[in-house]
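These are my notes from looking up a few things in one structure.

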Amino acid sequence: MTEDRPMDCRFRTDASIDTPSMVSACRCPQHARRLFTGGVVGAALLAGAGPLAAQTLPECKRSTFTKAVSAETVEQQAGLQYRQMLQQASGQRALAPADHPQLQRLRYISARIVPHTRDCNPRAADWKWEVNLIGSRQINAFCMPGGKIAFYYGILSELQLTDDEVAMIMGHEAAHALLEHAREQMGKNTVTTGALRLGAALLGLGSLGDVGAQIGGQLLSLKFSRDDESEADALGLVMAARAGYDPRAGVTLWQKMTAGAGGGAPPELLSTHPAGPTRIKDIEGKLPRVLPMFESAARPDRRFAAPARMAPAKR
């Protein structure tokens with residue numbers, strides 16, 4: 001079932017909006033400083049880079065790499081980038097008004113998920129959670145540090161997502177914030193690259209070693225990112241199931257994602273996300289744990305339809 005809605009002149013859905021840099025990687029100059037020191041610190045962190053103690057849930061364990069960057073700094077920067085994105089969207093009439101049905105849908109689902117987040121990360125209780133809908137054809141959604149959530153109209157329209165599938169995405173993206181993956185990635189990028197360059201210098205490899213360090217650092221970061229995605233899948237399923245959304249929608253979601261990719265996904269080794277079939281298999285393996293949570297959870301008292309598909313873009 002789809003939602004039929006007259007054209008809203010206040011909100012366009014085909015804008016071009018920049019994705020905040022922190023969503024994909026840290027490009028901040030302050031985290032690229034003092035590589036030699038980063039290598040020394042890295043030796044200690046790499047030697048004992050196990051997870052921090054879990055909170056209530058075993059899926060909530062976090063890496064010791066988060067210690068390399070302050071949470072307050074990361075959340076403050078995320079908030080700034082989020083505000084900048086909203087300003088850009090608003091300037092293009094691409095920020096959904098509060099009464100837009102799809103934004104109401106997203107905020108209703110988030111209101112069911114957010115109360116469960118504090119069981120995973122105590123900081124989440126003090127976050128100023130925000131949910132916004134961006135009028136862009138991109139198939140994208142994210143949750144930045146500090147609970148700053150954005151969905152792009154394209155992911156709702158093009159994939160014709162059910163509420164359960166929306167909850168799987170939202171739980172997954174919130175999990176990235178709860179597990180502090182952006183903060184962890186900043187620490188990893190600084191530590192791994194610094195350690196590899198330090199090793200190259202000590203071995204007298206010169207510029208050749210420096211190039212190898214850059215390539216090695218990129219590959220290490222990609223592996224970390226795939227691990228982050230798997231961790232977010234596991235915790236996201238828990239969050240959504242406890243909020244009353246069917247975790248089996250994680251399978252149908254990734255079937256839609258895979259079909260939408262049209263076979264254009266990169267090889268798994270060089271992808272920041274696990275390949276579609278691998279991801280579906282992993283999610284299916286987690287269902288025995290999360291289905292009882294879903295069965296015992298209160299069900300949503302509202303259901304929403306997907307928006308109508310967007311007309312093809314003009315060439």
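I count a residue as buried under 20% relative accessible area, exposed over 50%, and partly exposed in between (1.4 Å probe, protein chains only). By that rule Cys143 is buried, because its relative accessible area is 8%.

The model is predicted, so local features need pLDDT of at least 70 and side-chain atom pairs pLDDT 80 or more, while totals for chains, interfaces and linings use all residues. I number residues from 1 along each chain as its sequence is written, and side-chain values use heavy atoms, without hydrogens and water.

Next I looked up the sheet. Helices (H or I, at least four residues) and strands (E, at least two) are DSSP runs numbered from the N terminus, and two strands pair if DSSP finds at least two bridges between them. I found an open sheet of 3 strands in the order S2-S4-S3, with mixed pairing. Its edge strands are S2 (130–134) and S3 (141–144), each pairing on one side only. S2 and S4 (residues 148–152) run parallel and are joined by 5 bridges; Val131 has Ile149 in S4 as its bridge partner.

I then checked for a disulfide, meaning a pair of cysteine sulfur atoms within 2.5 Å. The count comes to 1 disulfide. It joins Cys60 to Cys120, with S to S 2.3 Å. Cys60 lies in the loop between helix H2 (35–47) and H3, and Cys120 in the loop between H4 and S2, so the pair ties together parts that are 60 residues apart in sequence. I noted both Cys60 and Cys120 as buried.
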